[in-house]
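Subject: Structure for your review

Dear colleague,

Please find below the structure we talked about handing over, followed by an account of what was found in it. I would be glad if you read the notes with the model open beside them.

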Amino acid sequence: MTTGTQSHHATGVLSPGRAEPPDASGRGWGSVLRRAAASDIPRHILLALGAIVMLAPFAWMVFSSFKPDDEVYSSNLLPRHPTFDAYQRVFDTVPMGRYFLNSVAVTGLIFLGQVLLAVPAAYALARMRFRGSKLALGLVLFATMLPMQVVAVPLYLLFAKAGLLDNRLSMISPFLASAFGVFLLRQFFLGIPQNVLDAARLDGASNWTTVWRIVLPMARPALTAFAVFSIVSHWNDYFWPSLVLSSDNAATVPYGISAFANSESNDFAAQMAAATLAVLPLVVGFLLAQRHFVRGLVLSNTPD
Amino acid sequence: MGAYVLCGPFLLFLGVFSVLPAASTVVLALLDWPLAGGNARFTGLDSFRRVLGSEELRQALVNTLLYSLFTVPAVTVLGLLIALTIHSVRRGKVFWRTVYFLPFASTLAAMSIVWKWMFYPERGLIDSTVGQLFGVTNWLSDSSLALPAVALVGVWHQLGYAVVLFLSGLANVPTAHLEAARLDGANAWHRFWHVQWPALGPTTVFAVVISTISALRVYDTVALMTEGGPVGSTSTLSYELYRRGVFYQDISGGAVISIVLLATVMLVTLVQMRSFGRRLSEAGAR
């Protein structure tokens, strides 16, 4: 049932140019336009008021992270004598660099593995007929609706018995088979014209070559959306790391700074500095590529 | 032959890390299998009796449902209102969309730490503004205010998602219909009620169902702002799953909570689709 609506929206990702609302048609005469623009002002004010609430936590976080010790508990929003001391304390106490490297490695390897596994599978499920393909598709749809929380306990037991808790392997392997990735890519592959595939076959291309040389380059819009979805959701993930991690060893940024916040529970400014560092990469990425972010995160937001 | 080579590796991983674990949840719930070592022992329905009868689970279930009741309607209604406002302005649509979407794109674990301090008694931003105005202070230590506080953060985080969904829904309303309504002399309210709202039916169903599913799984804010407290007043199913299954190493108990969580998500989604899903989806098609 959910899938019906999902496919409806998932296909939306793939038709470029639909996400941008068309501008209401203007009337043309300068004075009419100006009056119309003027009538927008109350709405801009309303939106700005809401924006203050939406952005207040970010402002409070950044400003507080630059406060020196003696200003931390003052009610002023802005620091009077801004300093990097809090950042210094974060770097002196925890290996922030390692957290970032771990996050980059974990999210990067998950995405790479997901693409390597999902692209051929999605192609086979979209364009080839074989015994058991209906069952395989059914399993994929079932898995897209399965929340991580439901499989977390058996997976935790599996890694605990194998002695692989607190290890990069346990951080990466559960996410390598992305049912959602297969679902999204399959939708896209269904739309590729048959004559493109026939031409490849006539040129003697094997299935393997067709998938990576011909189909994959065509799938860039779907792949970009999936990349944003995968990277952002695993960069931000806190649930699974909080189950399997217990040291700095394989700690990703959300886990690392949360552990830091628990151990330095009174150092408010340093916690804000750690949070600022954690939020910065995604916020910068989002501001640089907000169109891709919006597409990847909204049109493909389903339980992973 | 070729198809199995293309599909095989993916299906192998899917089987090992999703399908088999999902199926084994039921088996694990029937066993007593100590993590430290030792053989598994069949215990039948003991774990179900122990967990389903516990006050912790009842509280977690009630809190999870309350949390969804607090957040989903607020996210949907505010999301629609903000999207309508953004859609109606001539300039700056992308700018406002970016602003409202920012919380959804940021790391919730980090922002939970920030919100925890915003709720800090007296000195936090909330107590020094809202608290001063309305006299409601010290939210996170108050067992009746802690869940609303966590829900507030949930609304803040999910709102941008709904805004963007509704904006793309509004962009797909045929301009010809709106123009026709305008020529017929329909005012802004009539244009919304008779043209835009029916066309938004499928978007609304999608927004409600998806934000309910993510509300029923709420974890990060609870784990980092309140750890389920005070006295269990913010414990949710996902958090109880972690607390019992991992923190107290009660694997079979954790498995029972997984089943309860899955059943809750499926039941609530089903009820939503039955009660208003079909009606709103059809409204969109008419």
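A salt bridge is taken here as a side-chain nitrogen of Lys or Arg lying within 4 Å of a carboxyl oxygen of Asp or Glu. By that rule, the interface between chain B and chain A holds 0 salt bridges, whereas the structure over all chains holds 11.

Please bear in mind that this is a predicted model, in which local features need pLDDT of at least 70 and side-chain atom pairs count only at pLDDT 80 or more, while totals for chains, interfaces and linings use all residues. Residues are numbered from 1 along each chain as its sequence is written, chains are lettered from A and ligands numbered from 1 in the order in which they are written, and side-chain values use heavy atoms, with hydrogens and water left out.

The interface

Chain B and chain A bury about 8,900 Å² between them, with 75% of that area on carbon and sulfur atoms; buried area means the accessible area (1.4 Å probe) that the two parts lose on being put together, summed over both. With contact defined as heavy atoms within 4.5 Å, 89 residues of chain B and 104 residues of chain A take part. Between the two chains there are 16 residue pairs in polar contact, both residues being at pLDDT 80 or more; such a contact is a pair of N or O atoms within 3.5 Å, where within protein one must be able to donate a hydrogen and the other to accept it, and residues adjacent in sequence count only if both atoms are side-chain atoms. On the side of chain B that touches chain A, helix α1 (residues 2–29) of chain B supplies the largest share, namely 18 residues. Helices (H or I, at least four residues) and strands (E, at least two) are DSSP runs, numbered from the N terminus.

Chain B itself

Chain B has 13 helices and 2 strands, and its C-alpha atoms fill a box of roughly 75 × 65 × 35 Å along the principal axes. Of its 286 residues, 57% count as buried, where buried means under 20% relative accessible area, exposed over 50%, and partly exposed in between (1.4 Å probe, protein chains only). Among contacts in chain B with a separation of 6 or more, 69% join residues 24 or more positions apart.

Salt bridges within chain B

E55(B) and R58(B) meet in a salt bridge at 3.0 Å, N to O; because they are 3 residues apart in helix α3 (residues 55–88) of chain B, about one helical turn separates them. Both partners are partly exposed, E55(B) at 44% relative accessibility and R58(B) at 46%. R182(B) and E179(B) likewise form a salt bridge, at 3.6 Å, N to O, and they lie 3 residues apart in helix α8 (residues 175–183) of chain B, again about one helical turn. Salt bridges with shared partners also join R50(B), E240(B), R243(B), R244(B) and D250(B) into one network.

A buried loop residue

T234(B) sits in the loop between α11 (220–226) and α12 (237–247) of chain B, and at 0% relative accessibility T234(B) counts as buried.

With best wishes
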